Amino acid sequence: MDSLAGGSGGPVRFDIPDLVDAGDTSSTTPMDTTNTSSTKPCCIIVLGMAGSGKTTFVQRLTSHLHSKGTPPYVVNLDPACREVPYPANIDIRDTVNYKQVMKQYQLGPNGGIVTSLNLFATKFDQVLKLVGSKNNEFVIFDTPGQIEVFTWSASGNIITEALAAQMPTVVVYVMDSVRSTNPVTFMSNMLYACSILYKCKLPFVLAMNKIDVVSHKYALDWMEDFETFQEALAGETSYVSNLAQSMSLALDEFYSSLRAVGVSAMTGEGVEGFVEAVREGREEYNTEYRPEYERLKQEREQADLVKTSQTMKGESSSSGKGKEVNMGLCHSIREEAEIPENIRDGIYLRHPGDEDEEPEEEVDIEQEEESREAESFKNFVQNRSAQTENKIRNQFTSS
């Protein structure tokens with residue numbers, strides 16, 4: 001299969017490969033949307049700061065589930081990693097060439113990751129068909145090392161909402177318990193975790209990693225007892241400590257409903273407790289999040305019917321606006337033209353790297369310099385001639 005941003009000519013075929021189950025014909029069949037969410041796999045989106053141990057934690061979780069006889073379906077969404085220590089069923093690197101994206105679009109590392117994710121998200125419906133047709137209990141998504149390129153990008157939002165709209169989804173925030181021993185750093189991690197929770201609006205699990213080095217008991221004490229956290233902040237004299245004290249009170253409600261578990265990606269300690277927390281999050285999705293989504297979906301369908309009836313009556317014919325198309329819970333676009341199905345399937349992405357590069361014309365620098373000098377000398381002669389004529393004319397008029 002041609003890579004998405006490769007240098008070969010011709011159109012780019014953008015089909016998501018299923019490396020492990022390539023011979024299984026069921027993976028290519030359309031997903032049955034009539035199935036209930038309880039029969040579908042639970043998606044685990046693993047987020048976390050760079051260096052918190054996300055990829056190592058995914059490897060440990062995958063190994064643990066394999067040992068229990070319930071192997072997960074693993075998807076790697078990090079296009080910049082050199083190797084992954086786990087068997088990836090779907091790997092973004094098989095579709096998008098990260099280095100070629102940086103080269104062709106003249107981007108830096110983070111811009112290359114964001115662009116690669118955006119290109120991958122354009123065909124994420126193929127991933128949904130593969131994932132929805134599996135009988136695995138869990139589907140694990142390993143995100144890029146830079147958390148902001150997934151959490152706050154359009155592609156990350158599309159992937160998260162697309163998964164949450166069709167199957168149970170749990171967001172996991174991996175926190176480095178070694179670096180968070182400083183109370184100010186701990187508060188920064190908690191604020192980021194809180195922002196992700198309220199942005200995704202999905203069941204949330206906080207995984208405190210590296211407890212084989214530093215126990216996570218201090219973090220649990222700080223979340224459960226405000227005075228203990230105040231004592232830890234007593235040694236801080238900067239203005240940040242005052243902000244952390246105020247924010248700890250504001251996050252008290254966040255702490256009360258937070259699932260926090262300690263895990264070790266190196267030793268496997270606490271992984272079973274983490275799996276139980278994810279199962280609780282799945283039940284929360286089925287009992288709270290799914291009914292709310294269905295309610296919002298029905299409201300949008302009713303609103304669309306009202307708009308359609310108004311259009312048929314000719315009430316909005318003079319507005320010149322197209323028909324609104326629902327896209328998830330909080331997105332809408334305007335459909336200007338309907339593309340036939342047979343033509344839509346034949347459309348492929350084209351990129352600058354797919355076209356033959358034309359040889360650049362050689363520039364004669366010496367000739368350019370000579371032409372500039374000649375033009376400058378010509379202007380100088382014209383100015384001097386004009387000045388001389390003015391002097392002669394003035395002399396004649398004065399005499």
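**Aspartate 142.** I found aspartate 142 in strand β4 (residues 138–142); strands here are DSSP runs of E, at least two residues, and helices are runs of H or I, at least four, numbered from the N terminus. I am working on a predicted model, where local features need pLDDT of at least 70, side-chain atom pairs count only at pLDDT 80 or more, and totals for chains, interfaces and linings use all residues. Residues are numbered from 1 along each chain as its sequence is written, and side-chain values use heavy atoms, leaving out hydrogens and water.

**Its partners.** Which residues does aspartate 142 touch, not counting those up to four places away in sequence? I listed Lys54, Thr55, Val58, Val75, Asn76, Leu77, Asp78 and Tyr86, with contact meaning heavy atoms within 4.5 Å. With threonine 55, the side chain of aspartate 142 makes a polar contact of 3.1 Å (a pair of N or O atoms within 3.5 Å, one able to donate a hydrogen and the other to accept it; residues adjacent in sequence count only if both atoms are side-chain atoms).

**Core.** I then turned to the largest nonpolar core, which has 58 residues (buried Ala, Val, Leu, Ile, Met, Phe, Trp, Tyr and Cys joined through side-chain atoms within 4.5 Å; buried means under 20% relative accessible area, with a 1.4 Å probe and protein chains only). Phe124, Tyr173 and Phe186 touch the most other members. Helix α7 (residues 183–200) supplies the largest share, 9 residues.

**Whole chain.** I noted 14 helices and 9 strands, and 38% of the 399 residues are buried.

Notes
Buried < 20%, exposed > 50% of the residue type's maximum accessible area, 1.4 Å probe, protein only.
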